[in-house]
Amino acid sequence: MLLPAVVTPAEWQSARDALLVKEKELTRALDRLAAERRRLPMVRLGTQYRFAAPDGTEVGLTDLFAGRRQLVVYHFMLAPGQDWLCTGCSTFTDNLAPHAQAHLAARDTRFILMARAPQSEIEPVRRRMEWTVPWYSSHGNDFHADLGIEGFALSVLLRDGDEVFRTYATTGRGVDRLRLDFNLLDLTPFGRQEAWEDSPPGWPQTETMGWLRPHDEYDDEDGDHHA
């Protein structure tokens with residue numbers, strides 16, 4: 001396997017500075033994109049939906065905000081009767097920091113999970129994975145269908161009094177960029193080690209996302225599954 005070239009500290013700094021110029025260009029481009037995202041038009045949602053809260057009580061759409069003005073919803077792929085755990089959704093949720101809610105709340109924002117399965121099927125998964133993110137069920141209503149969600153997705157909602165609006169949605173790679181594990185791996189020489197990546201010949205690469213497991217299915221508690 002060809003590893004990166006070994007150079008002097010001065011040569012490394014020169015190459016790092018050249019890459020930093022491109023990184024700053026990307027940062028400014030992302031800032032411009034975020035500004036445009038903040039100006040997207042929005043869609044008014046009906047408030048007739050009823051959801052099952054984590055404690056089993058029935059709540060309305062505005063209740064999901066818990067008094068906040070903004071709500072980020074991750075639509076977890078767990079359908080009624082589903083006997084398998086979505087690897088992408090579970091590893092995404094594993095990456096959520098347990099204390100993130102406090103920081104979001106400081107900006108009048110809340111984050112929740114939502115699935116179409118009933119709470120009786122959600123709770124065993126939540127207990128097994130030891131997740132603390134509030135997880136609601138849309139079982140029995142058309143919320144996911146009305147939003148056009150068939151698999152996993154992320155929605156951003158805005159509450160204005162008793163009215164609720166959908167301001168943004170993304171899926172696929174748009175959700176990828178929120179994950180700590182992917183972002184950290186993207187900083188390393190070998191990257192995510194997936195077949196789609198542009199890496200030097202001979203570098204480790206496997207099927208895209210084929211290495212991912214729910215955190216309790218790796219060989220040990222640290223997720224190590226190498227020789």
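A polar contact is a pair of N or O atoms within 3.5 Å. The exercises below apply to a predicted model.

**Exercise 1.** Determine where Arg 179 is found and whether Arg 179 counts as buried or exposed.

*Solution.* 
Step 1. Arg 179 belongs to the loop that lies between helix 6 (173-176) and helix 7 (180-185).
Step 2. Residues under 20% relative accessible area are termed buried.
Step 3. The relative accessibility of Arg 179 is 2%, and therefore Arg 179 counts as buried.

**Exercise 2.** Identify the side chains with which the side chain of Arg 179 makes polar contacts, and list the residues in contact with Arg 179 beyond its neighbours within four places in sequence.

*Solution.* 
Step 1. Another polar contact, of 2.8 Å, joins the side chain of Arg 179 to that of Asp 181.
Step 2. With neighbours within four places set aside, Arg 179 is in contact with Gly 88, Thr 91, Phe 92, Asn 95 and Leu 212.

**Exercise 3.** Describe the setting of strand 4 (residues 70-75) and its pairing with strand 5 and strand 7.

*Solution.* 
Step 1. Strand 4 is largely enclosed by the rest of the structure, because five of its six residues are buried.
Step 2. Strand 4 pairs with strand 5 (residues 109-115) in the parallel sense, over six bridges. Within this pairing, Val 72 stands opposite Phe 111.
Step 3. Strand 4 and strand 7 (residues 153-160) run antiparallel and are joined by six bridges. Here the bridge partner of Leu 71 is Leu 157.

Notes:
Residues numbered from 1 in each chain as written. Predicted model: local features only at pLDDT ≥ 70, side-chain atom pairs only at ≥ 80, totals over all residues. Heavy atoms only, no water. Helix = DSSP H or I, 4+ residues; strand = E, 2+ residues; numbered from the N terminus. Buried < 20%, exposed > 50% of the residue type's maximum accessible area, 1.4 Å probe, protein only. Polar contact = N/O pair within 3.5 Å; in protein donor to acceptor, adjacent residues only side chain to side chain. Contact = heavy atoms within 4.5 Å. Pairing = 2+ DSSP bridges.
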